[in-house]
Amino acid sequence: MTAQRIYETVADDFSRVNDLIIKRLSSDVPLVEKIAHYIIESGGKRLRPLLVLLSSQAAGYKKDDHLKLAAVIEFLHTATLLHDDVVDTSDMRRGRSTANARWGNAPSVLVGDFLYARAFEMMVELQSLRIMGVLSHATAVIAEGEVMQLMNVKNPDLTESQYMEVIHNKTAMLFEAASHTGALLAGAEDAQETALRTYGKHLGLAFQLVDDVLDYRGDAEAMGKNVGDDLAEGKTTLPLIYAMAEGVEEERQLIRQAIRKGGLDDLPAILRIVEGSGALEYTMAVAREQAKKAADCLTLLPPSPHKEALELLTQVAVARVS
């Protein structure tokens, strides 16, 4: 119900953004449209465009360009998903086949490029150098985050601080850019602009940390991916980092070995170690801390339904773990 209340706050705008997204996916190349529509319509929550709509109006925005900005953010996000799935050789996302599993790697990468290009076309239409600067920088940082993650695949020596840097760049950066550009579009005063930018950063970190927990304690049908997918890909996430730090030598070596070889051969044993070490509780505590930091950023905003929705979103971020 809380999530529903958030979306109801901007229900009309959200519908108009979806219409705009479909309209701007048009291409003279049929396969481009087919793949782009497939991934855009795959059932995502549209959290990042939602952040644009809420943050801009919480800062007092009254015009219509927030719809275009929200679509830009969704195109940037979708492009990264297409590229991510190729890099990770993923075959399922949001409960159905990935684009690369259906059409192959090359078309998926190229349609991702198309979505980046379309996003930048629309960005120019907004005629704001500051917004273009934020989104251009964010796109570069996200790409760096992807490379950092790739470099650390099957690396059991990743530290907690290094991991937080990776997830900031890879995931939280676009949340941060969404709320920041919403504030810029509204012409928010400096303090509110900073507050909304920082809000997005901490919210994005909270969401990713909860996703890390769900990879070991989630429901495959609800998540649209399999439990243990991160381990299968050799990704060292915070639950594993904590479990290695707190476990006995035998447990630590088993986790290190599982990360290095990837796959799911040791998943049952790893799940027992992660659960027994308190790693999931620790990761959730860090997520709640990030969500609280996000909520605290909103004190500078005037009361409004949009501010209330932003506050509720920090609760939703950490309420996904049963």
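Which exposed residues does the face of H15 turned away from its buried side carry? Arg272 and Gly276. Exposed means over 50% relative accessible area, buried under 20%, with a 1.4 Å probe and protein chains only.

Some ground rules. This is a predicted model, where local features need pLDDT of at least 70, side-chain atom pairs count only at pLDDT 80 or more, and totals for chains, interfaces and linings use all residues. Residues are numbered from 1 along each chain as its sequence is written, and side-chain values use heavy atoms, leaving out hydrogens and water.

Now helix H15. H15 spans residues 267–277; helices here are DSSP runs (H or I, at least four residues), numbered from the N terminus. Its buried residues are Leu267, Ala269, Ile270, Ile273 and Val274. They cover an arc of only 160° around the axis, so they sit on the same side of H15. The arc is taken from the directions from the helix axis to the C-beta atoms.

What do the buried residues of H15 pack against? Helices H10, H12, H13, H14 and H16. Contact means heavy atoms within 4.5 Å.

Take H16, residues 279–296. The axes of H15 and H16 come within 4 Å and cross at roughly 60°. That makes H15 oblique to H16. Axes are lines fitted to C-alpha atoms, over the stretch in contact, with angles from 0 to 180 degrees between N-to-C directions. Val274, Glu275 and Ser277 of H15 meet Ala279, Leu280 and Glu281 of H16.

Last, the link. Just after H15, Gly278 takes a positive phi of about 80°.

Key
Helices (H or I, at least four residues) and strands (E, at least two) are DSSP runs, numbered from the N terminus. Angles under 35 degrees count as roughly parallel, over 145 as roughly antiparallel, 65 to 115 as roughly perpendicular and the rest as oblique.
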